[in-house]
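Welcome! Take a look at the sequence and the model first.

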Amino acid sequence: MKYIITESKLNEVIKKYMEATYGDIEMNIDKDDGYIHFFSRRDIDRDGYPVRIAHRNNHGTLWIDYSFFEKMRGLFGNSVGEGIEKYYSDKFGIEIKRINMEF
């Protein structure tokens with residue numbers, strides 16, 4: 001059985017998934033290079049620090065973890081990049097020009 005989901009509904013599902021998976025995402029701006037780092041308060045590393053889940057450089061490129069993107073693509077399909085882009089731009093009021101993966 002096929003289900004047809006509108007773009008706005010898909011974006012809403014992606015938003016809810018991001019919030020359920022990462023909780024309240026924190027944004028920090030590096031004053032030296034202008035990079036914006038995003039941390040999950042739910043994911044803590046071995047030293048007790050929040051895990052960085054993405055960062056945006058000063059050219060507007062959002063870098064996300066490849067395994068995270070593949071998991072999202074497996075759940076939501078190939079157009080998931082647009083939903084991730086919309087999530088970050090809506091939640092934090094920043095411009096995202098493109099998305100790249102870091103390995």
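Does D90 count as buried or exposed? D90 counts as exposed, because its relative accessibility is 53% (buried means under 20% relative accessible area, exposed over 50%, and partly exposed in between, with a 1.4 Å probe and protein chains only).

This is a predicted model, in which local features need pLDDT of at least 70, side-chain atom pairs count only at pLDDT 80 or more, and totals for chains, interfaces and linings use all residues. Residues are numbered from 1 along each chain as its sequence is written, and side-chain values use heavy atoms, leaving out hydrogens and water.

**Salt bridges**
- The structure holds six salt bridges (a side-chain nitrogen of Lys or Arg within 4 Å of a carboxyl oxygen of Asp or Glu).
- One of them joins D90 to K86, with the closest N and O atoms 2.7 Å apart.
- Another links R73 with E70, where the closest N and O atoms are 2.9 Å apart.
- E12 also pairs with K16, at 3.7 Å between the closest N and O atoms.

**Places in the helices**
- Helices here are DSSP runs (H or I, at least four residues), numbered from the N terminus.
- D90 and K86 are separated by about one helical turn because they are four residues apart in helix α3 (residues 80-92).
- R73 and E70 sit three residues apart in helix α2 (residues 66-76), about one turn of the helix.
- E12 and K16 are four residues apart in helix α1 (residues 7-22), again about one turn.

**Exposure of the partners**
- K86 has 37% relative accessibility, so K86 counts as partly exposed.
- R73, at 32%, is partly exposed, and E70, at 26%, is partly exposed too.
- E12 is partly exposed at 35%, whereas K16 is exposed at 53%.

Definitions and conventions
Helices (H or I, at least four residues) and strands (E, at least two) are DSSP runs, numbered from the N terminus.
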